[in-house]
Every structure is written in C-alpha cells, then in structure tokens.
Amino acid sequence: MKGKIIIISAPSGTGKSTIINALLDRGEIDMKFSISATNRQPRGEEVHGVNYYFLSDDEFRSAIAQDAFVEYEEVYPGRFYGTLKSEVERITAEGHNVILDIDVKGGVNVKKLYGEDALSIFIQPPGLEVLRQRLTSRATDSAEAIEQRLAKAEYELSFAPEFDRVVVNDSLDRAVAEVDTVIKNFLSVCVEEC
Ligand SMILES: Nc1nc2c(ncn2[C@@H]2O[C@H](COP(=O)(O)OP(=O)(O)O)[C@@H](O)[C@H]2O)c(=O)[nH]1
Ligand SMILES: Nc1ncnc2c1ncn2[C@@H]1O[C@H](COP(=O)(O)OP(=O)(O)O)[C@@H](O)[C@H]1O
C-alpha cells in the first residue's frame, strides 16, 4: 500500500538530513521528501522549493490563516516550520510514500494524526558533545544559533519514548542501514496487512 508517512525527527545536528538524503540517493524505497515551509532564511546551498519553501513572515502567517498546514510549529522563537497539506497530497496522489524531516513535537503530532499509516523514527545523537561537534563542523549556523539548538536538544531528547523506533546515529553507515531496514519492514508489513 502506498501513501504511508515516514517521520524522521531528532535534535538539530543529529544527522536527519544526512540520513534521509542517503536513503533517497539509494532510491530503493519508494518515498518522496515532503518539502516544508519555513520563515527562516536559507543557509549555505539551500534552494527554495528543494530544501524548503522559504516564506516571509507574512506569507507564513497567511498560509496558517488559509489552513494550508497538516501541522506547524514555532521550533525556535519566531522561526516557524510547517508541513504543507499540498505536499503530502501531491506525493500520495502520485502513489508514493512520504518522508518528513520535522521537529519532535511535529513528529509526535503527525504520528497521532496518521496512526497506523505512519512510522515515527527518532534519531538520537551519541551524546551532546558529539552534537556540538556536528553542528560546529557543519558550519551553517552562527555560534548563537548553535547554542540555541544545543540548549533545546536535551528537552527534545525526552521525546524519544513517544516514537515508534529510536535509532542512534553513531556510525553513519550503520544508522542509515538500520533506518533503511526499519522503513522497509514497516512498508512490507503494510503490503500484507494495510
Ligand atoms: N514541525 C515541523 N518541524 C519542521 C518542519 N520542517 C523542518 N522542521 C524542523 O525544524 C527544525 C529546524 O530545522 P532546520 O532549521 O532545517 O535545522 P536542522 O535541523 O539543523 O537541519 C528541525 O528539527 C526540523 O526537523 C515541519 O514542516 N514541521
Ligand atoms: N554519523 C555521523 N557521524 C559524523 N558526522 C555526521 C554523522 N551524521 C551526520 N553527520 C554530520 O553532522 C552534521 C549535521 O548533520 P545534518 O544531517 O545536517 O543534521 P540535522 O538534519 O539533523 O540537523 C553534518 O555536517 C553531517 O555531515
């Protein structure tokens, strides 16, 4: 059965995007990335309509008013991120499964909304010091933004038990292999039972 929702959540810098991109590059699992909307600025090589739909504050507010979101969160003060209904509907209408990179609260909410049609995976960093190193070496955020993300990480880690599965991103290859297996198992069970 198509049109399943795969949720990937983790504290910033854990490796969500890296793991999702590795799986999409392999191309073995029939799933498409749901491009979220955000009012944060693009960073590094990010492209509008590829990584995110980058909206102004006003555009984001009017999307909320038009009920355009499956869910949205103020992930950092003044910084909003949301899953667009139009993205999920487009991908499922094309007959694909959807993969979401969303914050821990959004992950818990989407799982509640979709129930058995969704698989929620929490990616856990090996530790907070490793997280700091990853955010620093990614070199996409200011020192202030890195501190803001680390300050939130401990709180976000407390959400892990609310997810269907927890995968530690220690060695990248191992973590990608584990997430790959977890998703394939979920989708193959669905082929038989959903
Ligand atoms: N609730 C929600 N969170 C999102 C969405 N899109 C991205 N996020 C989350 O917003 C947080 C910040 O994302 P970003 O600024 O790209 O930073 P990164 O996590 O360091 O790559 C991450 O936890 C993302 O998973 C969304 O549509 N909804
Ligand atoms: N298992 C890993 N070991 C070492 N570095 C990693 C690992 N996974 C990801 N990284 C690196 O950590 C940084 C943060 O990863 P990223 O995918 O951007 O995290 P997120 O999307 O969760 O914020 C990137 O520079 C990435 O290359």
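Analyst: What follows goes from the sheet to the helix α4 that packs on it. The model is predicted; the mean pLDDT of the protein is 95, and 96% of its residues reach 70 or more. For the complex, the predictor gives an ipTM of 0.97 and a pTM of 0.96.

The sheet is open and has four strands in the order β4-β3-β6-β5, with mixed pairing. Because β4 (52-54) and β5 (69-76) each have a single partner strand, they stand at the edges, and one side of each has no neighbour in the sheet. From one strand to the next the twist averages 25°. Strand β3 (residues 36-38) pairs with β4 in the parallel sense over three bridges, and Thr-38 stands opposite Phe-54 of β4.

Two helices meet β5 and β6. Helix α3 (residues 85-93) lies across these strands and runs at about 30° to β6 (79-84). Helix α4 (residues 104-114) packs on the sheet and touches β5 and β6, its direction making about 160° with that of β5.

Within α4, Val-104, Gly-106, Gly-107, Val-110 and Lys-111 are the buried residues. Seen down the axis of α4, they fall within an arc of 155°, so they line one face of the helix. In an α-helix there are 3.6 residues a turn, so residues three or four places apart point the same way. The cover over the buried residues of α4 includes β5 and β6, along with β1 (5-9), β7 (97-101), β8 (118-124) and α6 (143-157). After α4 comes Gly-115, with a positive phi near 55°.

How values were computed:
Residues numbered from 1 in each chain as written. Chains lettered and ligands numbered in written order. Predicted model: local features only at pLDDT ≥ 70, side-chain atom pairs only at ≥ 80, totals over all residues. Pairing = 2+ DSSP bridges. Axes fitted to C-alpha atoms, helices over the stretch in contact; angles between N-to-C directions. Contact = placed C-beta atoms within 7 Å. pLDDT = per-residue confidence, 0-100. Buried ≥ 20, exposed ≤ 12 C-beta atoms within 10 Å, placed from the backbone. Arc of directions from axis to C-beta.
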